[in-house]
Amino acid sequence: FNIACIQRMIDAYHPDVVTYFDDFAAAQSLFMSPATFNELLRPHQARIIKAITDKGVICAEHLCGKCENVLDDLVEMGVTIWSSAQIQNNIQEIQKKYKGKLIVEGGWDSFGPAGYPGASTEEILKEADRCMAEYGKEGNYILFPIIVTPDVNDPRILALRDYWKKISYL
């Protein structure tokens, strides 16, 4: 069913990237051992990823939590963007290991002050600076801020947008 939906979406909209959402990790570890992942989930993940990449579309995998134990598998299957990478993983080492093979999207400390619903503009910009200083210099990185607000015109988002313009030369 997922493959049929993905293929119809690709045929209709011609996207450059499809993000597949399939969380199987928590903050501390995978929901299962890597061996169980490979036995039970990998064959199905591989079919879905192949359905995306066979259409000439980039596959991004949304997988938050501590999941670095299966990144080799995801890259081998054809994932080229890891979305919502969280700080529990060794992001800098992952960037070095997969340079040219995997783009890391995330690194935002959603458990720290910038991730709280009432986070100040200063806390959010400080976290953006941290992310860019730690991960931006390695390349193959996309800043993915997580700001809890229902308002797209929230001043914190506008300040972050201005920050983004300032650093966009990187």
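At what angle do helix H1 (residues 2-13) and helix H2 (residues 34-53) pack, and how far apart are their axes? The legends below begin with this pair. The model is predicted, so local features need pLDDT of at least 70 and side-chain atom pairs count only at pLDDT 80 or more, while totals for chains, interfaces and linings use all residues. Residues are numbered from 1 along each chain as its sequence is written, and side-chain values use heavy atoms, with hydrogens and water left out.

**View 1. Packing of H1 and H2.** H1 and H2 pack at an angle of about 15°, with their axes 10 Å apart. Helices (H or I, at least four residues) and strands (E, at least two) are DSSP runs numbered from the N terminus; axes are lines fitted to C-alpha atoms, for helices over the stretch in contact, and angles run from 0 to 180 degrees between N-to-C directions. The two helices are therefore roughly parallel to each other (angles under 35 degrees count as roughly parallel, over 145 as roughly antiparallel, 65 to 115 as roughly perpendicular and the rest as oblique). Their crossing is right-handed, that is, the near helix is turned clockwise from the far one by less than a right angle. Asn2, Ile3, Ile6, Gln7 and Ile10 of H1 meet Arg47, Ile48, Ala51 and Ile52 of H2, where contact means heavy atoms within 4.5 Å. By class, these residues are 6 nonpolar, 2 polar and 1 charged (Ala, Val, Leu, Ile, Met, Phe, Trp, Tyr, Cys and Pro count as nonpolar, Asp, Glu, Lys and Arg as charged, and the others, Gly among them, as polar).

**View 2. Packing of H5 and H6.** Helix H5 (residues 121-134) packs with helix H6 (residues 155-167) at an angle of about 30°, and the axes are 9 Å apart. That makes H5 roughly parallel to H6. The crossing of H5 and H6 is right-handed. H5 contributes Thr121, Ile124, Leu125, Ala128, Asp129 and Met132 to the contact, and H6 contributes Arg156, Ala159, Leu160, Tyr163 and Ile167. The contact has 8 nonpolar, 1 polar and 2 charged residues.

**View 3. The largest nonpolar core and Leu63.** The largest nonpolar core has 42 residues, and those with the most contacts inside it are Leu63, Val70, Leu74, Trp82 and Leu143. Such a core is a set of buried Ala, Val, Leu, Ile, Met, Phe, Trp, Tyr and Cys residues joined through side-chain atoms within 4.5 Å; buried means under 20% relative accessible area, exposed over 50% and partly exposed in between (1.4 Å probe, protein chains only). Not counting residues up to four places away in sequence, Leu63 touches Asp22, Asp23, Phe24, Ala25, Val70, Leu74, Trp82, Ser83 and Ser84.

View 4. Lys137 is found between H5 and strand S5 (141-143) and is exposed, with a relative accessible area of 63%. Leaving aside neighbours within four places in sequence, Lys137 is in contact with Gln92 and Met132. Asn140 also lies in the loop between H5 and S5, but is buried at 18% relative accessible area. Phi of Asn140 is near 35°, a positive value in a residue other than glycine.

View 5. His14 lies between H1 and strand S1 (17-21) and counts as exposed at 60% relative accessibility. Its phi is near 50°, a positive value in a residue other than glycine.
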